[in-house]
Amino acid sequence: MISIVKYSSQNLDSWNNFIKSSKNSLFMHNRYFMEYHSDRFEDNSLMFYDDEELLALLPANKKQNELISHGGLTYGGFITNSKMKEYKMLECFEALKNYMSQNNFSHLVYKTIPYCYFTNPAQEDLYALFRNYATLLKIEPSTVIDFRFPIKLPKGRKAQIARAKREGVTIELSTDFNTFIELENKVLFEHHNTKAVHTGPELKLLHSRFPEQIELYAAMYNGKMIAGSVVFVYQNVIHTQYLAADDTAREIGALDYCISEIINKYSSAKQFLDFGISTEDGGRILNEGLISQKEGFGGRTIVYQTWEMNI
């Protein structure tokens, strides 16, 4: 019999300990990560018990009559361990629907975790979504390098990297998140009229909590940061959470050089590099220039899926 407990701070240790032993969790599902934006999201995370044994977690927030897994995280969905089997996931969905009905939720918005982040197969939720007549709300292509099967860089990309080196660009680990976010926001505002999800102080706080999982690689030129990438380090995957380059960096290949150094560092230690999505409007608009740049490093497409289930 599956029962549900709404997460509260008294469950913090149980939640985080389950995260450590799961087959598809990420450090962003740790409560010390999730709590950094607790003022912006009304948390409604759920813990699923099979009798008295914790079976699954669902990071989620409440927005009016929507249950969203999770509005403040890149990836949501059920977090499970090796004890999860398909029939148990179907039971979890039945319990979830009952919980939502009793708490006046009309529908669920559900982000899946891409398969490359799994340590063991963990797509029991996809079948359960299908069985419960959920519909795809959006599909967003993300560009991923599989380090086991590298694709050669084109000559143009190699030439840009070589030029950056000749110009004296250096790549270094940095903790100057404020300067990076200023650069990122300048690029985002000029090209997309938007800004980064995180602020500089927020990234600095998260880095202090997860120093081995959050890194900033800065491309320095004449003593100034002209490009860089904030990288999230997972068990099997490196994810470029942010990429930014000013006009000078684009001209002399500084960001290309930065990415190549990240690839060189992690290609023997990790299986994938995930560049993230290159779309707007819920996946309806493809930024062809951006995805071409990522594909130029040997990346190819996987998809991020968001589903909607009505109650």
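Predicted model: local features only at pLDDT ≥ 70, side-chain atom pairs only at ≥ 80, totals over all residues.

**Entry 1: a buried pair**

I began with Glu124 and Lys23, and both come out buried. Their side chains meet in a salt bridge, 3.0 Å from N to O. I checked where the partners sit: Glu124 is in helix α4 (residues 124-131), while Lys23 is in the loop between α1 (12-21) and α2 (31-34). That puts them 101 residues apart, so I noted the pair as a link between distant parts of the chain.

**Entry 2: pairs within a helix**

How many salt bridges does a search of the whole structure find? I got 15.

Glu91 and Lys88 form one of them, at 3.5 Å from N to O. They are three residues apart in helix α3 (residues 86-102), which means about one helical turn between them. I recalled that an α-helix has 3.6 residues a turn, so residues three or four places apart point the same way. Glu91 has 31% and counts as partly exposed.

Asp247 and Arg250 form another, with the closest N and O atoms 2.5 Å apart. These two are also three residues apart, this time in helix α8 (residues 247-252), so about one helical turn separates them. Asp247 is exposed at 54% relative accessible area, whereas Arg250 is partly exposed at 39%. I also logged a network: Arg31, Glu35 and Asp43 are joined by salt bridges that share partners.

**Entry 3: helix α6**

I did a length check on α6 (residues 177-192). With 16 residues at 1.5 Å a residue, the helix should span 22 Å, and I found its end C-alpha atoms 21 Å apart, which agrees.

Which residues of α6 are buried? My list reads Phe177, Phe180, Ile181, Leu183, Glu184, Val187 and Leu188. They cover an arc of only 160 degrees around the axis, so they lie on the same side of α6. I then looked up what this buried set packs against: β10 (170-174), α7 (200-209), β11 (214-221), β12 (224-233) and β13 (237-245). On the face turned away from the buried side I found exposed Glu182 and Phe189. After the helix comes Asn193, with a positive phi near 55 degrees.

**Entry 4: a surface patch**

Ile139 belongs to strand β9 (residues 135-146) and is partly exposed, at 39% relative accessible area.

Methods
Residues numbered from 1 in each chain as written. Heavy atoms only, no water. Helix = DSSP H or I, 4+ residues; strand = E, 2+ residues; numbered from the N terminus. Expected span 1.5 Å × (residues − 1). Buried < 20%, exposed > 50% of the residue type's maximum accessible area, 1.4 Å probe, protein only. Arc of directions from axis to C-beta. Contact = heavy atoms within 4.5 Å. Salt bridge = Lys/Arg side-chain N within 4 Å of Asp/Glu carboxyl O.
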